[in-house]
Amino acid sequence: MSLVGGFTLSSPGALPPPQIEYLIVAGGGGGGAGGGGGGAGGFLTGNANVSSSVTYTVTVGGGGTGTQGSNGSSPPTSVGTNGSNSSMSGSGFTTITSVGGGLGGYYTSVSGITNGADGGSGGGAAVGGSGQGRSGGTGVAGPPRQGYNGGNNFAQDGNGAAGGGGGAGAAGATATSNTGGNGGAGAASSISGTSVTYAGGGGGGAATAGTGGTGGGGNGGTTPQNGGTNLGGGGGGSSGGNGKGGDGGSGIVIVRYSDTYSNAASTTGSPTLTVSGGFRIYTFTGSGSITF
């Protein structure tokens with residue numbers, strides 16, 4: 001602080017920021033049993049004006065659970081879920097919401113074969129037999145776009161295969177004979193100070209399972225992988241109808257602004273603060289709040 005001509009001037013470092021950059025990634029969807037890869041959580045980046053003394057609530061979405069299959073002649077033991085939304089909201093502030101990834105489709109002879117669920121990115125379709133073609137779920141096309149569609153299945157007796165989950169950067173691949181679709185690629189952001197790829201789709205289940213998309217997508221298979229933690233990746237689809245799909249990965253929220261402005265007045269939820277490259281960077285891996 002200094003006194004000039006009777007006026008008190010604050011140094012730039014003592015002032016709250018007028019604007020922030022943000023990255024908001026939702027939780028990825030769970031993978032299917034005998035089913036499709038989970039869709040990646042929605043991926044949003046942008047700028048937003050903020051006000052001092054306003055508390056902004058930050059919600060970090062968890063990953064969805066994978067479907068637990070049965071013996072194929074009974075309904076699933078438990079049906080999985082989409083990922084949960086991530087968001088940022090506050091008084092006088094337009095809420096920014098990234099949508100959780102879609103659940104991968106699943107198969108039983110009783111429940112039938114399901115499409116992939118809609119989400120930030122869509123889940124892949126379940127394995128199908130002859131005449132049992134199914135579609136991947138739909139991603140949020142925007143504007144702004146949050147993700148892409150899941151892949152369709154390959155429907156032929158003895159050769160069926162499940163589609164890959166959509167990613168933030170590309171659609172999940174449609175399955176081919178005995179080969180599950182690969183998960184769609186995620187999208188990169190350097191808001192943390194380092195380029196990181198987020199929100200890859202999960203691979204579809206099949207005799208030859210699909211691989212997860214870059215950015216935390218889980219591989220499909222007899223033991224499918226979970227989506228990447230704090231990357232919003234979709235869970236891999238199980239190759240067998242009595243298996244369990246991989247769980248989706250949790251999301252993340254990152255806020256940054258010029259380091260010529262002061263630290264946040266307060267935070268909850270224990271975000272990590274990094275000062276690097278001319279920015280103050282707050283990384284939330286769990287829900288909390290920030291006041292400038």
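This note sets out the main features of a predicted model in numbered points.

1. Basis of the note. Residues are numbered from 1 along each chain as its sequence is written. Because the model is predicted, local features need pLDDT of at least 70 and side-chain atom pairs count only at pLDDT 80 or more, while totals for chains, interfaces and linings use all residues; side-chain values use heavy atoms, with hydrogens and water left out.

2. Confidence. The mean pLDDT (the predictor's confidence in each residue, from 0 to 100) is 93, and 93% of the residues reach 70 or more. Over residues 1-12 pLDDT stays under 50, and the model has twelve contacts (heavy atoms within 4.5 Å) beyond four places in sequence for this stretch. Where pLDDT is low, the predicted coordinates should not be read in detail.

3. The sheet. An open, antiparallel sheet is built from five strands in the order S4-S3-S12-S15-S14. Strands are DSSP runs of E, at least two residues, numbered from the N terminus, and two of them pair if DSSP finds at least two bridges between them. At the edges stand S4 (43-49) and S14 (272-276), each pairing on one side only. S3 (residues 19-25) is joined to S4 by seven bridges, and Glu 21 is placed opposite Asn 47 in S4.

4. Salt bridges. The count is two, a salt bridge being a side-chain nitrogen of Lys or Arg within 4 Å of a carboxyl oxygen of Asp or Glu. In one, Arg 256 meets Glu 21, with the closest N and O atoms 3.2 Å apart. Since Arg 256 belongs to S12 (residues 252-258) and Glu 21 to S3, this pair ties together parts that are 235 residues apart in sequence. Arg 256 is buried at 13% relative accessible area, whereas Glu 21 is partly exposed at 25% (buried means under 20%, exposed over 50%, partly exposed in between, with a 1.4 Å probe and protein chains only). The other joins Lys 244 to Asp 247 at 2.7 Å, N to O.

5. Nonpolar cores. A nonpolar core is a set of buried Ala, Val, Leu, Ile, Met, Phe, Trp, Tyr and Cys residues joined through side-chain atoms within 4.5 Å. The largest has 21 residues, and those with the most contacts inside it are Ile 20, Tyr 56, Met 88, Ile 290 and Phe 292. Elements giving two or more residues to this core include S3, S4, S12 and S15 (279-284). Apart from it lies another core of twelve residues, including Leu 23 and Ile 254.

Key
Helix = DSSP H or I, 4+ residues; strand = E, 2+ residues; numbered from the N terminus.
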